[in-house]
Amino acid sequence: MSQKILLIDDELDVVEFQKNFLTRRGYQVLTATNTKEAIEAIKKDSPDIVFCDIQLETDTAGLDILEQVKKIKPDIVIYLITGFLDKEIEVKGLALGAREVLTKPISNEDFEKKIKEVLLS
């Protein structure tokens with residue numbers, strides 16, 4: 001069975017590009033563009049790995065998603081993604097349970113590398 005990956009980002013073109021790449025690599029890819037969709041997808045589909053942009057509806061929506069997800073499904077691996085790294089936000093994200101905070105742009109190959117790291121751990 002293929003791993004379920006959830007991509008959360010409000011930039012539709014970015015999500016679709018990443019989804020197409022990962023789908024071709026054999027992963028089952030789900031997408032969400034806001035907090036509500038993200039939480040629904042996590043509850044319904046139980047992804048194995050989540051890549052979540054920090055800035056969605058608000059500057060810290062990704063942190064809110066992370067906090068909610070860790071209460072619902074604490075074992076899900078979550079990577080936070082940001083366009084500009086803020087040390088305070090990075091520290092908070094890691095404290096809330098993010099595996100890592102990644103800085104955009106992230107290549108498709110880097111996404112797959114992170115997925116493989118999780119699968120091998």
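Modeller: Tyr27 is buried, because its relative accessible area is 10% (buried is under 20%, exposed over 50%, partly exposed in between, with a 1.4 Å probe and protein chains only). This is a predicted model, where local features need pLDDT of at least 70 and side-chain atom pairs count only at pLDDT 80 or more, while totals for chains, interfaces and linings use all residues. Residues are numbered from 1 along each chain as its sequence is written, and side-chain values use heavy atoms, with hydrogens and water left out.

Tyr27 sits in the loop between α1 and β2. Helices (H or I, at least four residues) and strands (E, at least two) are DSSP runs, numbered from the N terminus. Gln3 is 24 residues away from Tyr27 in sequence, yet their C-alpha atoms are 5.5 Å apart.

Next, helix α1, residues 12-24, which holds Gln18. Gln18 also counts as buried, at 10% relative accessibility. Beyond its neighbours within four places in sequence, Gln18 is in contact (heavy atoms within 4.5 Å) with Leu7, Asn108 and Phe111.

Now the sheet. It is open, with five strands in the order β2-β1-β3-β4-β5 and parallel pairing. Two strands pair if DSSP finds at least two bridges between them. At the edges are β2 (28-32) and β5 (100-103), each pairing on one side only. Neighbouring strands are turned by 20° against each other on average, direction ignored. Inside the sheet, β3 (residues 49-53) and β4 (residues 77-82) run parallel and are joined by five bridges.

Helix α3 lies across β1 (4-8), β3 and β4, at about 175° to β4. Axes are lines fitted to C-alpha atoms, for helices over the stretch in contact, and angles run from 0 to 180 degrees between N-to-C directions.

Helix α3 (residues 61-72) also meets α2 (residues 35-45): their axes come within 10 Å and cross at roughly 20°. The two helices are therefore roughly parallel (under 35 degrees; over 145 is roughly antiparallel, 65 to 115 roughly perpendicular, the rest oblique). On the α2 side, the contact uses Thr35, Ala38, Ile39, Ile42 and Lys43. On the α3 side, Ala61, Ile65, Gln68, Val69 and Ile72 take part. These residues divide into seven nonpolar, two polar and one charged. Ala, Val, Leu, Ile, Met, Phe, Trp, Tyr, Cys and Pro count as nonpolar, Asp, Glu, Lys and Arg as charged, and the others, Gly among them, as polar.
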